[in-house]
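Please consult the sequence and the three-dimensional view while reading.

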Amino acid sequence: MRKRPISFLLRLSESEYAHLMEQVEKTKLPRETYIRALIEGYTPKEMPPIDYFVMIRELHAIGNNLNQLAAKAHATGHLERAVFQEEADRLRRAVQQLQQAMIEPERRKE
């Protein structure tokens, strides 16, 4: 971990502090990490609902199944590789889009 030798005191009103802590709680990030993200020009996203993680696990399981099908099809010769590859790519893009939409921070527009 990087060393951060500089610290400073920041005074906030009660309402400012409450708002900050509300935003921090939504992201489930440590307060300092949340503030550093803001300084770097990012707005951290809220922690996704538990269903998100269930969906991601399910999508990964589907991907694993596709890999197993591909191996079996390759051994038996009963699957078109192009069709399978297209489906596997589609699944990969869906997982990436879901992750991007749900958890990756977005750069603030200034």
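## Surroundings of P48

In this predicted model, P48 touches F53, M102 and I103, leaving aside residues up to four places away in sequence. P48 is placed in the loop between β1 (42-43) and α3.

The relative accessible area of P48 is 7%. A value under 20% counts as buried, and P48 is therefore buried. By contrast, A37 lies eleven residues from P48 in sequence, and the C-alpha atoms of P48 and A37 are 18 Å apart in space.

## Packing of α3 and α4

Helix α3 spans residues 50-76 and helix α4 spans residues 81-102. The two pack at an angle of about 165°, and their axes are 11 Å apart. Because angles over 145 degrees count as roughly antiparallel, α3 and α4 are described as roughly antiparallel to each other. Their crossing is left-handed.

On the α3 side, the contact is formed by Y52, M55, I56, L59, H60, I62, G63, L66, N67 and A70. These residues meet F84, E87, A88, L91, V95, L98, Q99 and M102 of α4. By class, the residues of this contact comprise 13 nonpolar, four polar and one charged. M102, listed here on the α4 side, is also one of the residues touched by P48.

## Backbone at K28

K28 is located in the loop between α1 (14-27) and α2 (31-39). The phi angle of K28 is near 65°, which is a positive value in a residue other than glycine.

Key
Residues numbered from 1 in each chain as written. Predicted model: local features only at pLDDT ≥ 70, side-chain atom pairs only at ≥ 80, totals over all residues. Heavy atoms only, no water. Helix = DSSP H or I, 4+ residues; strand = E, 2+ residues; numbered from the N terminus. Axes fitted to C-alpha atoms, helices over the stretch in contact; angles between N-to-C directions. Parallel < 35°, antiparallel > 145°, perpendicular 65-115°, else oblique. Left-handed = near helix turned anticlockwise from the far one by under 90°. Contact = heavy atoms within 4.5 Å. Nonpolar A, V, L, I, M, F, W, Y, C, P; charged D, E, K, R; others polar. Buried < 20%, exposed > 50% of the residue type's maximum accessible area, 1.4 Å probe, protein only.
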